[in-house]
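Please work through the exercises below with the sequence and the structure side by side, and try each task before reading its solution.

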Amino acid sequence: MTGAVRFPTFAALSSSAPADRRVAGRHGSPSGRARPAPSRRRVRPAQGRFKDVQKVLTESGHRWAPPANPCSRVPLPRIEVRVVEPLPVEAVLALADAITPRYQLAVWLGFGLGLRLGEALGLTTVKVDAEAKRVYVHRQAQNGELVELKTKASRRTLPVDDLILAKIDEHQKNYAVAPQGVLITNRCGRIAQRKSFNECWREAVEKAGLPKGTRFHDLRHFYAAGLIRANLNTKVIQARLSHATIAETMDTYGHLFPDQDDLGRGAIDALLLPSITEQGRNRQS
């Protein structure tokens, strides 16, 4: 062997310490800060990694094989479910009117196409097909640059309504595009930065009289609610919102769908009654 074997450590997720244990300072002295309970996002991957290591060591008969997975005893914190309440029409229109004019298009793209902020700020002219009434979401703006989207599901083609196309056309008449063809730019003619947009967004939220903390992402909820109201198939809605799974769509927006309990009543009657009626007539004849 060229050196000692090193295995991953899981001390940070040990279940032996209570959630409110004091955190030791750099030189061993208490820092006075309460240690937060480990999150599900941290604990679950660690449980899986430890299980893999445990399996390898156990099957190989290694003398260091642990008898049990300590991560499995870490209680996962309860996740509070946030119920989505879409903004009303008056609110999204008020936000579009209240924000800096050069950023108005981003708001329209948010509630009219369900684009995330980076996707809206990174939309280019070549990705808008006015004739086919399609918008192709392939890239996003990040730190003043165009970058690829994070997941394959994020790349999507969206049908666009005439009202949104008119807003895109109006914006192009008023503002020059960035060198890469990006529609929404800052005052210097470059790709708009998220920090600059967020400052304008907060001002618009206050001016529109909406609660502090209203997010750009709330515009996506408005768009999703519109798709649900239009009675689109859930798989179509999933694709439009670029969700990785249908479960993500239903977990987020399931409460917005109409009550399913009474749907389908009468369907079996419609299938069977014509045949039953015909059989009755034949018997009478």
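**Exercise 1.** Leaving aside its neighbours within four places in sequence, with which residues is Ser242 in contact?

*Solution.* The model is predicted, so local features need pLDDT of at least 70 and side-chain atom pairs count only at pLDDT 80 or more, whereas totals for chains, interfaces and linings use all residues. Residues are numbered from 1 along each chain as its sequence is written, and side-chain values use heavy atoms, with hydrogens and water left out.

Begin by locating Ser242, which lies in the loop that runs between α8 (234–241) and α9 (246–253); helices (H or I, at least four residues) and strands (E, at least two) are DSSP runs, numbered from the N terminus. Next, apply the contact criterion, heavy atoms within 4.5 Å, which gives Arg116, Ala153, Ser154 and Arg156 as the partners of Ser242. Finally, Ser242 counts as buried because its relative accessibility is 6%, where buried means under 20% relative accessible area, exposed over 50% and partly exposed in between (1.4 Å probe, protein chains only).

**Exercise 2.** What is the order of the strands in the open sheet, and which strands stand at the edges?

*Solution.* The sheet has three strands in the order β3-β4-β7, with antiparallel pairing, and two strands pair if DSSP finds at least two bridges between them. β3 (128–129) and β7 (156–159) each have a single partner strand and so stand at the edges, one side of each being left without a neighbour in the sheet.
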